[in-house]
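Come along and follow the entries in order.

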Amino acid sequence: MGIVSTIRRNSLFSFFSSAIRLLSNLLLFVGIARFYGVETFGQFTTAHTFLTVFFLLADFGFDLLITTEIARARGRSREYVERFMPLKAAFAVTAFLLMTTIALLSDFSAETRIFMIVLSSGIVANAVSSFCYAVFKGHEDLSQEFRVSLIQNSVLLAALAVLGFLRVPPVFIALAFVGSRFVGLAVIMPRMFRALGMETLSFRFSEWPRILREGLPFGVQLIFGTLYFQLETILLAYFKGDKAVGIYQSAVRLMYGIFIIPEVLGNAFIPLLSRLHEEDRERWSRVAMVLQKTLMYSSLPVGIIFYVYAADLIDLVYGSAEFAGAVPLLKIFAFIIVIRFAVETSAMVLTVSRAQVWRMRIVIFLTLFNVVCNVLAIPAYGVQGAAVVSLVTNIVAGLLYVVTAHAREFRVWYMLGKRQLLTCASVAALVFLLTLLDVRSLLVGVPVILAGCLAVFYFIGYSPEERAVVFSLPGDLSVTRSVGS
C-alpha cells in the first residue's frame, strides 16, 4: 500500500474515531453544563481531569512505545504484546487505586470526590483497550479503533439520552460513562487476539525492569506533557473552588475539541514516520515538512474564529450567562491553538527519531515551570491568571521543541520559509478585511474565514510539489507495504 493511500485511510479512520469521541464527550459535558449548572460542571470536570492524569499513569507511554516498536518490526508483534501488556495492566490497577485513595483523602467537595471514585473505576478497562488500539496502530491499521469507538460511544449516547430523559442525579451520568469503557474493552480485546493468532498470553514478568527502562522516557513525557496543561484545573479547584473550574473548563473543552486535528494526523503519521526514519531519511524529511505545514495552516482559521467570535461560541454552546466569564479565556486559547499546532511536528520528530528522552526532559521542566507560575497567578488573578500562564507555558514549550528538533535534522527554517510567512501575512490581511467590514455574524464570518484560508493555503501555502504529496504522491516516493505483514 502506498504512503498516500496509507495516510488517507488511517487519517480517515482516525478522524472518525476522534470525531465520535469528541461528539460523545461534547454532548456529555455540555449536557451536564446546561442541565446541572456551572458548579456541578466544575465538579465533574475536576474529577475528569484527575481521570485524565491517572489514565496517563496507567498508560505510562506503553501505547506509543508498542506502536513504534511494532511499526519497526511487525513480525515480533506477539512478543511485544506478551512483554508489555502485563506491565500495562499493573500500572492501570495502580492508577485506579491511587485515584480512589486521593478521592477518599482529599479536601474537595463531597460531590467532586464521588465523581472521582466513580470515574476511577473505568481506568483499567480504558487502559487495556487503548493498549489494544496501539497494537493495531503499529500495523498502520486504525480501522479497529474506529469500529470499537463507534460501538462504545453509541452505547454511551443511548444511555445519556435515556438518563437525560429521566433527569437522574449526575452521578448516574458518570456511571454510564464508565460502563461504556467496559463495553469497548469487551469488543477490542478478542479482536486483537484473533488478529495476532493468539489464544492465550504468555506473560513475561522477568523482563519488567528492562521494559520499564525502555518505556520510562515515553511514560514520563506522556504524564508530564499532559500535566502542564491540566494542573491549572486542579489548582483552580484547590484555590478558587468548583465554580471557577466550571468557567475555566467551559473554554478548555472547546479548545480540546480542536485538538482532534493533530490527534488525527499524529495517529496516521507517527507509525509512518517511524518506519521512514529507519528506511529513507529523505522521504522522512519530505513527509514531515508537509505535515508541519498542514498542522500550522489548519490552526490559523480555528484561532481566528475562536478570537473574533469567542462570545458567540460560548453562548451557542452553553446558552447561559453563567459562562460569560469564559469569553476572555477563549480569546487567549486562540493563540495557544496556533502555537500547539505549529510545533506539534517538532515534538513528533523527537519521538520517531528515538530522542524521546529530550522530550521527557522538556516536559518535566515545563510542568515545574507551570506549577510555580500557577501557584503565584491563580490566587491573585483566578481563571485569567491560569489562562495566561498556560499561554506562556506553551510559548516556552514551542521554543524548546523547535530548537531540539532542529538538532535532530528537522530544521527551524522548515517552519519559517517564505511560503509560511506569506501565508500568515495573507491570513492576517483577511482578518483585517473582516474587521474593516465589521462582519459580526458568526454565520457569515466563519464560512468567509474558512473559504478564504483554504484558498490561501492552496495557492500560496503549498508549492506544486507539496500539493502533489498531499493529494497524489509522486511515484518516486511511493512505498509498497502490506498492512498485514
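Entry one, a helix crossing. I looked up α15 and α16 and found that their crossing is right-handed (left-handed if the near helix is turned anticlockwise from the far one by less than a right angle, right-handed if clockwise). This is a predicted model, where local features need pLDDT of at least 70 and side-chain atom pairs pLDDT 80 or more, while totals for chains, interfaces and linings use all residues. Residues are numbered from 1 along each chain as its sequence is written, and side-chain values use heavy atoms, with hydrogens and water left out.

The axes of α15 (residues 418-437) and α16 come within 10 Å and cross at roughly 155 degrees; axes are lines fitted to C-alpha atoms, for helices over the stretch in contact, with angles from 0 to 180 degrees between N-to-C directions. The two helices are therefore roughly antiparallel (angles over 145 degrees; under 35 is roughly parallel, 65 to 115 roughly perpendicular, the rest oblique). Among the residues making the contact (heavy atoms within 4.5 Å) I noted Leu-422 and Leu-430 of α15, and Gly-452 and Phe-457 of α16.

Entry two, the whole chain. I read off 17 helices and 0 strands (DSSP runs numbered from the N terminus: H or I of at least four residues for helices, E of at least two for strands). Of the 485 residues, 57% are buried (under 20% relative accessible area; exposed is over 50%, partly exposed in between, with a 1.4 Å probe and protein chains only).

Phe-41 is in α1 and Phe-323 in the loop between α12 and α13, 282 residues apart. Both Phe-41 and Phe-323 are buried.

I also looked at Tyr-297 and Tyr-462: their planes are at 80 degrees, with centres 5.4 Å apart, so this pair is edge-to-face. Tyr-297 belongs to α11, and Tyr-462 to the loop between α16 and α17. Tyr-297 is buried at 1% relative accessible area, and Tyr-462 counts as buried at 10%.

Last, I found a cluster linked by ring pairs, including Phe-29, Phe-41 and Phe-323.

How values were computed
Phe/Tyr/Trp six-rings, centres within 6.5 Å; stacked < 30°, edge-to-face > 60°.
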